[in-house]
Amino acid sequence: MYDNESPYDRRWTMYCQAESLAQYRFSAAQEKWVNEKEAGRDPGPYPEFPTDEDIYQIAERMKKFVACKGDFL
């Protein structure tokens with residue numbers, strides 16, 4: 001995936017992956033909220049759609065993880 005990409009392309013790919021992950025998490029939270037409501041339980045506040053800042057933070061974590069040399073975890 002990253003072999004022939006420029007650094008810009010790599011960052012953009014990570015950002016797009018982060019956006020997909022954020023949207024997936026939102027969809028999962030939204031589905032859980034609906035299921036709780038349909039079951040007659042208090043679902044709490046409706047999940048918020050991820051902001052650009054949320055996506056950026058996920059992308060930054062991905063970038064740091066890729067850049068680390070095994071001491072990340």
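I looked up the surface first: the chain exposes about 6,000 Å² of accessible area, and 54% of that belongs to carbon and sulfur atoms. Accessible areas here are Shrake-Rupley with a 1.4 Å probe, and for residues only the protein chains shown count as cover.

Housekeeping before I go on. This is a predicted model, so I note that local features need pLDDT of at least 70 and side-chain atom pairs count only at pLDDT 80 or more, while totals for chains, interfaces and linings use all residues. Numbering runs from 1 along each chain as its sequence is written, and side-chain values use heavy atoms, with hydrogens and water left out.

Next, the fold. I find two helices and zero strands (DSSP runs numbered from the N terminus; helices are H or I with at least four residues, strands E with at least two). The radius of gyration is 16 Å, well over the 11 Å the globule rule gives for 73 residues, so the chain is more spread out than a compact globule. That radius is taken over C-alpha atoms, and the rule is 2.2 Å times the number of residues to the power 0.38. I also noted a C-alpha trace of about 50 × 25 × 20 Å along the principal axes. Of the 73 residues, 15% count as buried (under 20% relative accessible area; exposed is over 50%, partly exposed in between, 1.4 Å probe, protein chains only).

Now the rings. How many aromatic pairs are there? I get three, counting rings of Phe, Tyr and Trp (its six-membered ring) with centres within 6.5 Å; planes under 30 degrees apart are stacked, over 60 edge-to-face, the rest tilted.

One of them is tryptophan 12 with tyrosine 15, stacked at 5.7 Å centre to centre and 15° between the planes. Both sit in helix α1 (residues 7–38), three residues apart, about one turn of the helix. Tryptophan 12 is partly exposed at 48% relative accessibility, and tyrosine 15 is partly exposed at 21%.

Another is phenylalanine 26 with phenylalanine 49: centres 5.1 Å apart and planes at 75°, so I log it as edge-to-face. This pair links distant parts of the chain, with phenylalanine 26 in helix α1 and phenylalanine 49 in the loop between α1 and α2 (52–67), 23 residues apart. Phenylalanine 26 is buried at 13%.

Last stop, methionine 62 in helix α2. I have methionine 62 as partly exposed at 23%. Leaving out residues up to four places away in sequence, methionine 62 touches Met14, Gln17 and Ala18 (contact means heavy atoms within 4.5 Å).
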